[in-house]
Amino acid sequence: MTGMESLRDIAIELVTDTAELIRDRRAELGDLRDYTMTKSSAVDPVTVVDTAAEEFLAERIAQARPEDGLIGEEGTQQASASGISWVVDPIDGTVNFIYGIPHYAVSVAAALDGEPVAGAVINVATGELWAAAKDAGATVTRDDKTHPLRVNEVDELGRALVATGFGYTASRRAEQARIIAGLLPSIRDIRRLGSAAIDLCHLAEGRVDAYFEHGLNCWDFAAGVVIAREAGAVVEHPPLSVSGEEGNVIVAGAHGVQEQLSDQLKQVGGYAPVGR
């Protein structure tokens with residue numbers, strides 16, 4: 001087993017145990033609206049469960065890998081002394097979580113010198129678990145069976161099902177709507193499911209053919225990037241150190257369509273950063 005595979009296995013254990021904590025806390029609390037605050041805007045929520053899950057992840061990583069760094073969505077920061085940093089999103093898809101839509105994830109990635117090299121994503125509601133390590137392939141585990149992942153072999157953008165997401169401010173959403181309107185005539189269709197981490201895993205599994213989104217932070221995409229790449233996708237993403245507030249775009253897809261999607265986004269003004 002390589003060092004990257006060992007990091008992947010740690011990520012798998014972390015997301016699995018954190019998902020169990022989230023399910024338990026959700027059952028205890030009932031209506032999550034009573035335990036919800038907002039962050040960047042009135043429609044960008046965070047719950048006490050997000051915070052508890054990140055604290056749990058931070059404690060477990062500190063115990064297992066005390067020299068490693070940590071970057072967490074809810075503000076946890078730890079500098080790395082080893083060159084490895086963990087990038088964690090305790091609940092990706094918090095709006096779905098609050099509304100009881102079974103499509104939200106724990107996402108954990110290990111990054112080496114600023115590049116994701118291993119990671120795991122689990123759909124908390126369904127138990128589906130995606131994982132990968134650099135040069136070791138990607139897998140999905142569902143119903144206690146593990147299968148290798150491979151992107152669809154699609155080579156025409158007009159036949160591509162494209163996943164995306166939207167920001168939390170009215171101005172950014174207005175610009176994203178304009179970009180979608182320009183893109184729609186050139187693709188099969190759009191899917192917006194509410195979790196960037198799962199979107200990238202769906203790309204890896206062939207449930208969609210491509211994915212793009214503006215304004216993501218590193219914890220939204222780090223684990224999904226490794227999984228998608230190891231399944232054969234081409235992924236262009238902002239540096240992990242760049243804030244989502246800058247509005248840069250991530251564009252991912254099978255070899256045949258990723259470049260076409262990038263070119264089409266450029267034509268409709270969707271490749272440049274989208275402001276807040």
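The model is predicted, so local features need pLDDT of at least 70 and side-chain atom pairs count only at pLDDT 80 or more, while totals for chains, interfaces and linings use all residues. Residues are numbered from 1 along each chain as its sequence is written, and side-chain values use heavy atoms, with hydrogens and water left out.

Asp220 belongs to helix α6, residues 218-230 (helices are DSSP runs of H or I with at least four residues, strands runs of E with at least two, numbered from the N terminus). Its relative accessibility is 10%, so Asp220 counts as buried (under 20% relative accessible area, with a 1.4 Å probe and protein chains only). Leaving aside residues up to four places away in sequence, Asp220 touches Asp89, Asp92, Ala196 and Ala197 (contact means heavy atoms within 4.5 Å). A polar atom of the Asp220 side chain also lies 2.8 Å from the backbone nitrogen of Asn217.

Is Glu128 buried or exposed? Glu128 is buried, because its relative accessible area is 9%. Its side chain makes polar contacts (N or O atoms within 3.5 Å, one able to donate a hydrogen and the other to accept it) with the side chain of Arg142 at 2.8 Å and with that of Arg207 at 3.2 Å. Beyond four places in sequence, the residues that Glu128 touches include Val121, Ile122, Asn123 and Thr141.

Methods. Buried < 20%, exposed > 50% of the residue type's maximum accessible area, 1.4 Å probe, protein only.
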